[in-house]
Amino acid sequence: MNNVPHISDAEWEVMKVLWARTPRTANEVIEALEDHTDWKPKTIRTLLNRLTQKEAISYSQDNRVYSYFPLVSEDECMKSETDSFLKRIYGGAFKPLLVNFLKEEHLSPEDIKELKNILDDKTK
């Protein structure tokens, strides 16, 4: 877990594409992102290079075609980001986050039941 690099919001978008299907060429990543971003291909290639430098992704080369794949899982990155957020905002304590969330968020009866079940499982 300690080897998970910090990934920016823009880099997360690239990672989501690679987590969804891998490996992908730079052109395939560009095609996947052009539907919901206004980024230029050069921007996406820069993000791929940054992620490679951070060792979040790597590539294999076949002639002049680079195929990119993640080196860290989505779960590892989410856990790392969650830990970072908790440390920055709540001093590492989970309870204040949960209390704030429960006070502010509208929860359906199904959501409440699921949360109760999760908490019950934690006490076993």
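Q: Which residues touch the most other members in the largest nonpolar core?
A: Val14, Met15 and Leu48 do, out of 21 residues in that core. A nonpolar core here is a set of buried Ala, Val, Leu, Ile, Met, Phe, Trp, Tyr and Cys residues joined through side-chain atoms within 4.5 Å. Buried means under 20% relative accessible area, exposed over 50%, and partly exposed in between, using a 1.4 Å probe and protein chains only.

Q: And which helices supply at least two residues each of this core?
A: α1, α2 and α3 each do. The largest share, 6 residues, comes from α1. Helices (H or I, at least four residues) and strands (E, at least two) are DSSP runs, numbered from the N terminus.

Q: Before we go on, what kind of model is this?
A: It's a predicted model, where local features need pLDDT of at least 70 and side-chain atom pairs count only at pLDDT 80 or more, while totals for chains, interfaces and linings use all residues. Residues are numbered from 1 along each chain as its sequence is written, and side-chain values use heavy atoms, with hydrogens and water left out.

Q: OK, back to α1. Which of its residues are buried?
A: Glu11, Trp12, Val14, Met15, Val17, Leu18 and Trp19. They pack against β1 (24–25), α2 (26–34), α3 (41–53), β2 (57–62), β3 (65–70) and α4 (74–90).

Q: What does Met15 touch?
A: Leaving out residues up to four places away in sequence, Met15 touches Ile7, Leu51, Ala56, Ile57, Pro70 and Val72. Contact means heavy atoms within 4.5 Å.

Q: How many residues does α1 have, and what's its reach?
A: α1 (residues 9–20) has 12 residues and reaches 17 Å from its first C-alpha to its last, close to the 16 Å expected at 1.5 Å a residue. The expected span is 1.5 Å times one less than the number of residues.

Q: Where does Pro23 lie?
A: In the loop between α1 and β1. The peptide bond from Thr22 to Pro23 is cis, with omega near -5 degrees.

Q: How about Thr25, buried or exposed?
A: Thr25 counts as buried because its relative accessibility is 18%. Thr25 lies in strand β1 and touches Val65, Tyr66, Ser67 and Tyr68, not counting residues up to four places away in sequence.

Q: Now pockets. How much space lies in the largest one?
A: About 290 Å³. A pocket is an open set of points on a 1 Å grid over the protein atoms alone, where a 1.4 Å probe fits, with protein on both sides within 12 Å along at least five of seven lines; lining residues have an atom within 4 Å of a point.

Q: Which residues line the largest pocket?
A: Phe94, Leu98, Leu102, Leu107, Ile112, Leu115, Lys116, Ile118, Leu119 and Lys122. The largest share of the lining, 6 residues, comes from α6.

Q: How many residues of α6 are buried?
A: The count is 0 among its 14 residues, so α6 is hardly covered.

Note on methods
Grid points are joined across faces, edges and corners, and a volume is the space filled by probe spheres set on the points.
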